[in-house]
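Dear colleague,

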Amino acid sequence: MRKIEHIGIAVKDMQAATKIYSTLLGHPHYKTEEVAGEAVNTAFFTCGESKIELLEATDPDSAIAKFIDKKGEGMHHIAFAVDDIKSETQRLKKEGFVVLNEEPKIGADNKWVVFLHPKSSNGVLVELCQERN
Ligand code: ZN
């Protein structure tokens, strides 16, 4: 793992949340992006070497909508930047982590992403991400 690439936060109202996080961080988000495959809208803020990703459901069946129904708004996942997502996924699988999608999928912000189930990492949903070239 190279660094914490971003922290994902599930929000109910993207417009209200981007306002709050702009004030908190002292600068506006640099992009918004809809990830249709996950039924989410995202907004990204820089924060030093890392980022904050706000996630808003675009469909009641989206994983973010279900998360908010169950737990309310809040921290949803931690994303770690990796150089080789496939080998890192295999390494962690061998170590006993529960990999949710073995084949990397296209995530927001031009990344390949793989998720690890929270039950194998003390209740935290982990995202591995690698820059797409
Ligand atoms: Zn993420």
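Donors, as the word is used here, are N, O and S atoms within 2.8 Å of the metal; water is not among the atoms, so sites may look incomplete. Please note that the model is a predicted one.

Two of them link distant parts of the chain: glutamate 53 belongs to strand β4 (residues 50-57) and glutamate 127 to strand β8 (residues 125-131), 74 residues apart. The protein donors are His6 through NE2, Glu53 through OE, His77 through NE2 and Glu127 through OE, and they lie 2.1 to 2.2 Å from the zinc ion.

How is the arrangement of the four donor atoms around the zinc ion classed? The arrangement is irregular, because the angles that the four donor atoms subtend run from 83 to 167 degrees. To count as tetrahedral, four donors would need all angles between 85 and 135 degrees. For four tetrahedral donors the ideal angle at a metal is 109.5 degrees.

As to accessibility, glutamate 53 counts as buried because its relative accessibility is 5%. Glutamate 127, with a relative accessibility of 5%, likewise counts as buried.

**The cysteines**

How many disulfides does a search of the whole structure find? The search finds zero. For cysteine 47, the closest cysteine sulfur is that of cysteine 129, and the 16 Å between them is too far for a bond. Cysteine 129 is accordingly in no disulfide. The cut-off applied to a pair of cysteine sulfur atoms is 2.5 Å.

Are these residues buried or exposed? Cysteine 47 counts as partly exposed, at 40% relative accessibility, whereas cysteine 129, at 1%, counts as buried.

**Residues with a positive phi**

- Alanine 39 is not a glycine, yet has a positive phi of about 55 degrees. Its place is in the loop between β2 (31-35) and β3 (40-47). Alanine 39 counts as buried because its relative accessibility is 15%, the limit for that class being under 20%.
- Asparagine 110, also a residue other than glycine, has a positive phi near 60 degrees. Asparagine 110 is found in the loop between β6 (105-107) and β7 (111-116). With a relative accessible area of 38%, asparagine 110 is partly exposed.

Definitions and conventions. Residues are numbered from 1 along each chain as its sequence is written. This is a predicted model: local features need pLDDT of at least 70, side-chain atom pairs count only at pLDDT 80 or more; totals for chains, interfaces and linings use all residues. Side-chain values use heavy atoms; hydrogens and water are left out. Donors are N, O and S atoms within 2.8 Å of the metal (3.2 Å for Na, K and Ca); water is not among the atoms, so sites may look incomplete. Four donors count as tetrahedral if all angles lie between 85 and 135 degrees; four count as square planar and six as octahedral if opposite donors are over 155 degrees apart and all others between 65 and 115; anything else is irregular. Helices (H or I, at least four residues) and strands (E, at least two) are DSSP runs, numbered from the N terminus. Buried means under 20% relative accessible area, exposed over 50%, partly exposed in between (1.4 Å probe, protein chains only).
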